[in-house]
Amino acid sequence: MSMRISDGLALGVLVMLSGCGAAEQPTPAPPTERVACAVGAAPLATDCTIERTRADGGTLLTIRHPDGGFRRLMVSADGRYRAADGAVPAQVVRLDNGQIDISVADVRYRLPAGGAPTAAP
């Protein structure tokens, strides 16, 4: 029995494609954490989500707003916060209740002083 070249190619393509599907596993989404935020004169509300990424010298926080905007803050190893993007510096005020209020331009965030927001229920 002889095999045509086109049959061999088709078999090879099928073997390669069958291996592709097995290697792709969905990555589970990290738990969503919420923090209080306000844009402009709006009152603080727990409407923003936060993602943490390890970075050189600390942790990069990406805080996403409900309107699709976002802001990045860098938290250094010694707990100092600074704006990680844009030219406007972050203003940080430590509150008596163990939280901090961070303002960048017209956006405010309320975070625990340790930088570890609690997970959303």
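The following legends describe close-up views of a predicted model.

Local features are described where pLDDT is at least 70 and side-chain atom pairs only at pLDDT 80 or more, whereas totals for chains, interfaces and linings use all residues. Residues are numbered from 1 along each chain as its sequence is written, and side-chain values use heavy atoms, with hydrogens and water left out.

**Figure 1. Overall composition of the protein.** Of the 121 residues, 25% are buried; buried denotes under 20% relative accessible area, exposed over 50%, and partly exposed the range in between (1.4 Å probe, protein chains only). The protein exposes about 8300 Å², of which carbon and sulfur atoms supply 58%; accessible areas come from the Shrake-Rupley method with a 1.4 Å probe, and for residues only the protein chains shown count as cover. Among contacts between residues at least 6 apart in sequence, 27% join residues at least 24 apart, a contact being heavy atoms within 4.5 Å.

Figure 2. Strand β2 (residues 45–55) runs antiparallel to β3 and is joined to it by seven bridges; two strands are said to pair if DSSP finds at least two bridges between them. Within this pairing, Thr53 has Leu60 of β3 as its bridge partner. The hairpin of β2 and β3 has two residues between the strands, and Gly57 adopts a positive phi near 85° there. Strand β3 (residues 58–64) is mostly covered, with five of its seven residues buried. On pairing with β4, β3 is again antiparallel, over seven bridges, and Arg64 is partnered by Phe70 in β4. Five residues lie between the strands in the hairpin of β3 and β4, where Gly68 has a positive phi near 100°.

Figure 3. Arg71 belongs to strand β4 (residues 70–76). Although buried, Arg71 has no salt bridge, and Asp85, the nearest side chain of opposite charge, is 4.1 Å away. For this assignment, Lys and Arg count as positive and Asp and Glu as negative, while His and the chain ends are not counted. A salt bridge requires a side-chain nitrogen of Lys or Arg within 4 Å of a carboxyl oxygen of Asp or Glu. Leaving aside residues up to four places away in sequence, Arg71 touches Leu61, Thr62, Ile63, His65, Asp85, Val104, Ala105 and Tyr109.

**Figure 4. The salt bridge between Glu33 and Arg52.** Side chains of opposite charge can pair when their charged atoms come close. The structure holds five salt bridges, one of which is formed by Arg52 with Glu33, the closest N and O atoms being 2.9 Å apart. Arg52 lies in strand β2 and Glu33 in strand β1, so the pair ties together parts that are 19 residues apart in sequence. The two side chains also meet the criterion for a polar contact, at 2.9 Å; such a contact is a pair of N or O atoms within 3.5 Å, where within protein one must be able to donate a hydrogen and the other to accept it, and residues adjacent in sequence count only if both atoms are side-chain atoms. Glu33 counts as buried because its relative accessibility is 13%, whereas Arg52 is partly exposed at 38%. Strand β1, which contains Glu33, spans residues 33–39. The C-alpha atoms of Glu33 and Cys48 are 8.3 Å apart, the two residues being separated by 15 positions along the chain.

Figure 5. Strands β6 (residues 91–94) and β7 (residues 99–104) form an antiparallel pair over four bridges, in which Val93 stands opposite Asp101 of β7. Their hairpin has four residues between the strands, with Gly98 at a positive phi near 80°. Strand β8 (residues 107–112) is antiparallel to β7 and joined to it by six bridges; Arg108 in β8 is the bridge partner of Ser103. Two residues lie between β7 and β8 in their hairpin, and Ala105 in the turn has a positive phi of about 55°. Asp101, Arg108 and Arg110 are linked in a network of salt bridges. The closest N and O atoms are 3.3 Å apart for Arg108 and Asp101, and the salt bridge of Asp101 with Arg110 has an N to O distance of 3.3 Å. Asp101 is buried, with a relative accessible area of 12%, while Arg108 is partly exposed at 29% and Arg110 is partly exposed at 23%.
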